[in-house]
Amino acid sequence: MAAEGDLIRQFINMHLGNVIVEPDWLGSNVVWVTYTGQEEISLEATHVIVDAEFIPDEAFYEHPNIVAVICREKVKKIGDCAFAGSNLRLIVMPGVKIVGEFAFSRCGATDVECGKLEIIEGYAFIGCNNLRSIKLPSI
């Protein structure tokens, strides 16, 4: 039987390509959901794949359980306070060009991967005291 982390890596690779998955954010009670911009996300959700063109303001504001968000390439903007105050640790946003004000403020982010980021609005990562790395696009 495959380990849970291996299954998650296979799922991510199948849907998004080669994304680095670190074991420290997999956890044991993983609940994957897909967000299309039309629905509210369950409080049980821990890992979100975003399949919308943008994430609205305060969409996941203070969500207690989300630890990982992986945006599909078509996601271009993350709204103001979208993940502020959440427990989010891993953020993968290969197509995002704009991160709104306070988008990730006071969240537990440790790792951020960006592919096309052009604009980081004010205080987007303020209070992210555990932030280890932000991978930015090369110019």
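I take contact to mean heavy atoms within 4.5 Å. I note at the outset that the model is predicted.

**Entry 1: T110**

I looked up T110 and found this residue in the loop between β7 (98-99) and β8 (111-114). I then listed what T110 touches, leaving aside residues up to four places away in sequence: R89, N130, L131, R132 and S133. I also checked the accessibility of T110. The relative accessible area is 14%, and buried means under 20%, so T110 is buried.

**Entry 2: the open sheet**

I traced an open sheet of four strands and recorded the order β3-β5-β7-β9, with parallel pairing. At the edges I found β3 (54-55) and β9 (119-120). Each of these has a single partner strand, so one side of each lacks a neighbour in the sheet. As background, I recall that strands of a sheet pair through backbone hydrogen bonds. I next examined β7 and β9, which pair in the parallel sense over two bridges. Within this part of the sheet, I saw V99 standing opposite I120 in β9.

**Entry 3: Y123 and the surface**

I went on to Y123, which lies in the loop between β9 and β10 (133-135). Is Y123 buried or exposed? I read a relative accessibility of 55%; the cut-off for exposed is over 50%, and Y123 therefore counts as exposed.

Conventions:
Residues are numbered from 1 along each chain as its sequence is written. This is a predicted model: local features need pLDDT of at least 70, side-chain atom pairs count only at pLDDT 80 or more; totals for chains, interfaces and linings use all residues. Side-chain values use heavy atoms; hydrogens and water are left out. Buried means under 20% relative accessible area, exposed over 50%, partly exposed in between (1.4 Å probe, protein chains only). Two strands pair if DSSP finds at least two bridges between them.
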